Amino acid sequence: MTDYANRSARGRAPDDDEASLRSRLESDRERDRRRGALGLVDLADEGGLEPATIAGLAERTLEDEAADVRQFTVEALGLAASVSDSDVAAEAIRTALADDHEWVRAEAVVAQSRAEPGNEEPLRGALEDDSGWVRRNAVIALSKTGAASQELLIERIKNDPHSGVREYAADYLREYADEIEAAVRILAAVLARDPEAFVRAKAATSLGDLGTDRAEAVLERHGLNDRSDDVRRSAKRALATARGVDPEQIDAGLDGDAAPGGGPGSQRERERQRQGPGPNRGPAGSIDGLTQGQRDRR
């Protein structure tokens with residue numbers, strides 16, 4: 001299962017009770033409101049929130065001037081709505097899908113998939129968002145809720161300029177491959193030609209799971225000879241999966257270094273792409289690097 005991979009500052013919130021955290025949402029200081037929201041994210045993840053707290057989070061989601069506060073309040077609302085019905089939370093989440101900050105909208109897509117997992121329309125609408133990070137989360141949300149399709153994922157792979165969208169579309173394609181040969185054909189093209197190493201690595205993994213003769217041939221020809229060490233390793237594991245053997249039985253020269261510098265295939269470039277836009281890689285300047293998917297317990 002793949003992850004949303006949003007940046008978050010979870011884990012730095014105060015260890016207060018729910019009432020104290022709720023009161024922080026009313027502070028004049030942005031730092032206090034953010035810390036309150038973060039604490040409520042943790043509490044919501046542990047088992048839900050009181051109606052008064054949900055109302056306070058909804059108000060901050062709709063009115064707070066700080067984008068990072070809105071991001072974390074909508075995250076808390078999504079978690080709370082996943083364990084109990086709340087029209088207040090659902091309405092605030094739907095409104096946040098049109099927020100003027102892309103990280104808030106991206107988080108709102110995650111929240112929407114939790115609050116109303118059977119409602120595809122808002123998630124499909126997010127596929128048309130100007131932000132690639134929002135579209136990426138829409139691909140993941142549709143796939144996790146069972147609403148994606150081979151056609152949708154292939155269209156994203158072919159036409160979306162954002163590498164994160166292509167990465168997750170390639171990853172989920174193995175789960176939605178109704179026409180195996182067509183899926184193998186597009187994944188082969190990704191492995192051979194996509195400029196981003198982590199997209200090619202996901203394509204290699206999917207090819208290994210599909211395991212056709214052509215998939216194996218592509219992994220041998222392109223995957224094991226990729227310029228990125230990460231892609232070559234992914235291809236080796238994928239080829240082992242396709243053949244039902246231990247990866248150590250795959251003869252592949254993996255002693256070379258990964259692509260140097262900051263270009264495609266490098267560790268630095270991969271981390272830059274995963275972290276997202278902006279000088280601080282997210283709305284909060286002090287972020288601990290945890291991902292949304294690492295905290296997603298669904």
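Before I show you anything, let me give one convention: when two helix axes are compared by their N-to-C directions, an angle over 145 degrees counts as roughly antiparallel, and an angle under 35 degrees counts as roughly parallel. Please keep that in mind, and keep in mind too that what we are looking at today is a predicted model.

Let me start with the whole chain. It has 16 helices and zero strands, and of its 298 residues, buried ones make up 56%. If we take the contacts between residues at least 6 apart in sequence, we find that 66% of them join residues at least 24 apart.

The partner I will take up now is H11, residues 180-193, whose axis comes within 9 Å of the axis of H12 and crosses it at roughly 150°. Since that angle is over 145 degrees, H11 and H12 are therefore roughly antiparallel to each other. The crossing of H11 past H12 is left-handed.

Which residues make this contact between H11 and H12? On the H11 side they are Ile 180, Ala 183, Val 184, Leu 187, Ala 188, Val 190 and Leu 191, and on the H12 side they are Val 199, Arg 200, Ala 203, Ala 204, Ser 206, Leu 207 and Leu 210. Sorted by class, the contact of H11 with H12 holds 12 nonpolar residues, one polar residue and one charged residue.

The other partner is H10, residues 163-173, which packs against H12 at an angle of about 10°, with the two axes 8 Å apart. Because the angle is under 35 degrees, H10 is roughly parallel to H12. Here Ser 163, Arg 166, Glu 167, Ala 170 and Asp 171 of H10 meet Phe 198, Val 199, Lys 202, Ala 203 and Ser 206 of H12. By class, this contact of H10 with H12 has four nonpolar, two polar and four charged residues. As for how covered H10 is, 11 of its 11 residues are buried, and among them are Gly 164, Tyr 168, Tyr 172 and Leu 173.

Is Ser 206 buried or exposed? Its relative accessibility is 0%, and because buried means under 20%, Ser 206 counts as buried. Leaving out residues up to four places away in sequence, Ser 206 touches Ala 170, Asp 171, Arg 174 and Leu 187.

Finally, let me move to another part of the model, where there is something to say about aromatic rings. How many aromatic pairs does a search of the whole structure find? The search finds one, and it is formed by Trp 103 and Trp 133, which are stacked, with 6.0 Å from centre to centre and 15° between the planes. This pair links distant parts of the chain, since Trp 103 lies in helix H6, residues 102-115, while Trp 133 lies in helix H8, residues 132-144. Although these two residues are 30 residues apart along the chain, their C-alpha atoms are separated by 7.5 Å. With a relative accessible area of 2%, Trp 103 is buried, and Trp 133 is buried as well, with a value of 9%.

Notes. Residues numbered from 1 in each chain as written. Predicted model: local features only at pLDDT ≥ 70, side-chain atom pairs only at ≥ 80, totals over all residues. Heavy atoms only, no water. Buried < 20%, exposed > 50% of the residue type's maximum accessible area, 1.4 Å probe, protein only. Contact = heavy atoms within 4.5 Å. Phe/Tyr/Trp six-rings, centres within 6.5 Å; stacked < 30°, edge-to-face > 60°. Helix = DSSP H or I, 4+ residues; strand = E, 2+ residues; numbered from the N terminus. Axes fitted to C-alpha atoms, helices over the stretch in contact; angles between N-to-C directions. Parallel < 35°, antiparallel > 145°, perpendicular 65-115°, else oblique. Nonpolar A, V, L, I, M, F, W, Y, C, P; charged D, E, K, R; others polar. Left-handed = near helix turned anticlockwise from the far one by under 90°.
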